[in-house]
Amino acid sequence: MKKTIKAVDLKGKRAFVRVDFNVPLDDNGQVSDDTRIRATLPTIEYLITHGARLILASHLGRPKGQPQPGMSLKPVGERLASLLRRPVSVASDCTGDGVRQQAEALAEGDVLLLENLRFHASEEANDEAFCRELAALGELYVNDAFGTAHRAHASTTGITKFLQPAVAGLLLEAELAALHRLLHGHESPFVAILGGVKVSGKIGVIDHLLEKVDTFLIGGAMAYTFLKTKAVSVGNSLVEDDRLDVAAVTLKHAEERKVDLRLPLDHLAGEKVAPDAKTAVTEGPAIPEGFMGLDIGPTTTAAYKEVIAGAKTILWNGPMGVFEIEAFAAGTRAIAEAVAASGAVSVIGGGDTVAAVHAAGLADRIGHICTGGGASLKFLEGEELPGVAALNDREG
Ligand code: ADP
Ligand code: MG
């Protein structure tokens, strides 16, 4: 367990806080979804209440090491100010003499938001001189950016060589606690629902969780890679052909350990990924030529719902179909409703899965919604997150 902001002296101290304000902006450059900003408010408010002087740092988008006006954190600063109901100044950069003077001039409870860290290539390169410059702004380091904890960048790892103490914020603490509870101390039956587009990122999770999970429910495009390894015809469905071997090995491991790993029994198939596609429900797991699987079918949905209703612990990552198109959204929505109704301890991760749960209006009824898809998958693969490893251990 890691030390948190609750265990350090904050009064009058400049706290360099790595947050995840990588939020979507609309066509007018305004924040279109402020979930990630809201998620870190408890940490920011705690620091303000305890007399810290706050220097917040984040990346936004992929500016590739160059300043990009469309990826400035200014609109984020405005949204944060209205959520906090107090002024937030946005610096013109994240390093340099001007920024340093602004940081030093902060009074207790003042908030300074640095400009996009990724306007400097040194951020992702974890360049030492850049780490020192960031470190010089603060007197202690706080990481509350769960969404980037799986990256070893200057602001998530390198900075801690030059800035101590280095502790977790309240959001990072809550995310880690929810995931930790899945792996250690969950109640059975434990059901893992995996879907979405890529087998590659998720197969490691299946392997790591084989000892813990009672039933895997597989949907989404990743199901077709598995079905193909079992010589079921998949038509034009999305398949990762370079993962067929790995998928076959995973199926074999599941069988050896007598883990119940379910693949779709039927599908909603379409001729193309479009709202006006000609569609048909298949009779069994096979997809006819000229069609692609775009959602789980009604028999699969009913079978999966029954498993979910009996679960005590649920992990869900990845939609069951192309839920962005209404015609292929029913499977994902039914699963979301079943998870919400199950009363199980549930953890949901993955940007698209979380979006689907919000679209279904069910977010309030889900136990824990992860703010970091990639980071939660890495954790569940059993990997240590570098941004977490860099923090001070809790004493005793
Ligand atoms: P998450 O963001 O929740 O981790 P992914 O990014 O792995 O999920 O996958 C989400 C994407 O998978 C969505 O854009 C969805 O349209 C797509 N998808 C799901 N099922 C299928 C399918 N059968 N064929 C093609 N794409 C699919
Ligand atoms: Mg996604």
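Q: What makes the crossing of H7 and H14 right-handed?
A: The crossing of H7 and H14 is right-handed because a crossing is given that name if the near helix is turned clockwise from the far one by less than a right angle, and is left-handed if anticlockwise. The axes of H7 (residues 170-183) and H14 (residues 373-380) cross at roughly 35° and come within 10 Å. Axes here are lines fitted to C-alpha atoms, for helices over the stretch in contact, with angles from 0 to 180 degrees between N-to-C directions. Helices (H or I, at least four residues) and strands (E, at least two) are DSSP runs numbered from the N terminus.

Q: Which residues of H7 and H14 make the contact?
A: On H7 they are Leu176, Leu179, His180, Leu182 and Leu183, and on H14 they are Ser376, Phe379 and Leu380, contact meaning heavy atoms within 4.5 Å. By class the contact has six nonpolar, two polar and no charged residues; Ala, Val, Leu, Ile, Met, Phe, Trp, Tyr, Cys and Pro count as nonpolar, Asp, Glu, Lys and Arg as charged, and the others, Gly among them, as polar.

This is a predicted model, in which local features need pLDDT of at least 70 and side-chain atom pairs pLDDT 80 or more, while totals for chains, interfaces and linings use all residues. Residues are numbered from 1 along each chain as its sequence is written, chains are lettered from A and ligands numbered from 1 in the order written, and side-chain values use heavy atoms, without hydrogens and water.

Q: What is the distance from a polar side-chain atom of Lys202 to an oxygen atom of ligand 1?
A: The distance is 2.8 Å, and a polar contact is a pair of N or O atoms within 3.5 Å. The side chain of Asp352 likewise has an N or O atom 2.8 Å from an oxygen atom of ligand 1, and a polar backbone atom of Ala221 is 3.3 Å from a nitrogen atom of the ligand.

Q: Which element gives the most to the shell around ligand 1?
A: H13 does, with three residues. By class, the shell has seven nonpolar, nine polar and three charged residues.

Note on methods: A polar contact is a pair of N or O atoms within 3.5 Å; within protein, one must be able to donate a hydrogen and the other to accept it, and residues adjacent in sequence count only if both atoms are side-chain atoms.
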